[in-house]
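Here is a briefing on one protein chain. Look over the sequence and the fold, then read on.

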Amino acid sequence: MKPSHLILDRDGVLNREARGGGWILSPAQWRWLPGARTALRRLRRAGVRVSVTTNQSCIGRGLATTHEIDAVHRQMKDECLEAGGRIDAVFVCPHAPGDGCDCRKPRPGLIVQALSAAGLEAGASLLVGDDRRDLEAGLAAGVRVALVRTGKGERTAADLPTAGIPIYDNLLAAVSALLGEASDSVSPE
Ligand SMILES: [Zn+2]
């Protein structure tokens with residue numbers, strides 16, 4: 001069934017991960033992955049709501065302020081709009097791993113927030129991530145999940161939390177399949 005709401009992880013799905021496993025701390029560090037903005041444009045054309053969920057423990061660790069991470073997301077949303085797409089909402093876990101929050105993935109809090117804001121049943125939503133903890137968070141919230149091979153995806157493909165999770169080369173391939181379009185008709189930017 002075609003989802004009416006896609007819940008996307010950020011780093012490794014929409015943009016390149018920071019070098020050396022660090023964090024994207026300013027808009028200047030942002031690099032879109034190939035095809036990601038095309039995928040977002042297709043989702044908008046198809047009327048699919050888009051939520052982004054992201055662990056940003058850099059805030060809890062004192063490496064960035066909420067304001068600085070908001071600036072990264074403002075640019076992300078603006079550049080998405082310029083490309084003809086739309087990110088409807090961004091959900092951030094600002095906590096450090098030891099804080100015991102319920103929103104740091106693999107816990108389901110961010111996914112539950114995204115479902116609540118969308119006002120849609122879990123069954124109408126689908127999560128796309130590259131990290132095992134994204135998939136675990138989605139499954140814990142009762143939504144369907146898909147893996148992309150970008151980011152940490154290749155490693156995650158060898159260590160899936162459950163059988164039967166579809167795997168796509170990247171977000172554009174995932175979106176093309178979910179929307180029922182032939183991927184060979186797609187020309188990424
Ligand atoms: Zn949290």
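With 189 residues, a compact globule would have a radius of gyration near 16 Å, and the protein agrees with that at 15 Å. The radius is taken over C-alpha atoms, and the globule rule is 2.2 Å times the number of residues to the power 0.38. This is a predicted model: local features need pLDDT of at least 70, side-chain atom pairs count only at pLDDT 80 or more, and totals for chains, interfaces and linings use all residues. Residues are numbered from 1 along each chain as its sequence is written.

**Overall build**

- The C-alpha trace spans about 45 × 35 × 35 Å along its principal axes.
- The secondary structure comes to seven helices and six strands. Helices (H or I, at least four residues) and strands (E, at least two) are DSSP runs, numbered from the N terminus.
- Along the sequence, the pattern reads β-α-β-α-α-β-α-β-α-β-α-β-α.
- Of the 189 residues, 44% count as buried. A residue is buried if 20 or more other C-beta atoms lie within 10 Å of its own, exposed if 12 or fewer, and partly exposed in between; C-beta atoms are placed from the backbone.
- Among contacts with a separation of 6 or more, 63% come from residues 24 or more positions apart. Two residues are in contact if their C-beta atoms, placed from the backbone, lie within 7 Å.

- Strand β1 covers residues 5-9, and five of its five residues are buried.
- H5, I7 and D9 point one way from β1, while L6 and L8 point the other way.
- β1 runs parallel to strand β2 (residues 49-55), and five bridges join them. Strands pair if DSSP finds at least two bridges between them.
- Within β4, I7 is partnered by L127, and L8 is partnered by V128.
- β1, helix α1 (residues 36-45) and β2 form a right-handed β-α-β unit. A crossover is right-handed if, with the strands pointing away from the viewer, the path from the first strand over the helix to the second runs clockwise.

- Five of the five residues of β4 are buried, so the strand is largely enclosed by the rest of the structure.
- S125, L127 and G129 point one way from β4, and L126 and V128 point the other way.
- β4 pairs with β5 in the parallel sense over four bridges. V128 has A146 as its bridge partner in β5.
- A right-handed β-α-β unit is made by β4, α5 and β5.

**Helix α5**

- Which residues of helix α5 (residues 132-140) are buried? They are D134, L135, A137 and G138.
- The buried residues of α5 pack against β1, α4 (109-118), β4 and β5 (144-148).
- Just after α5, G142 takes a positive phi of about 85°.
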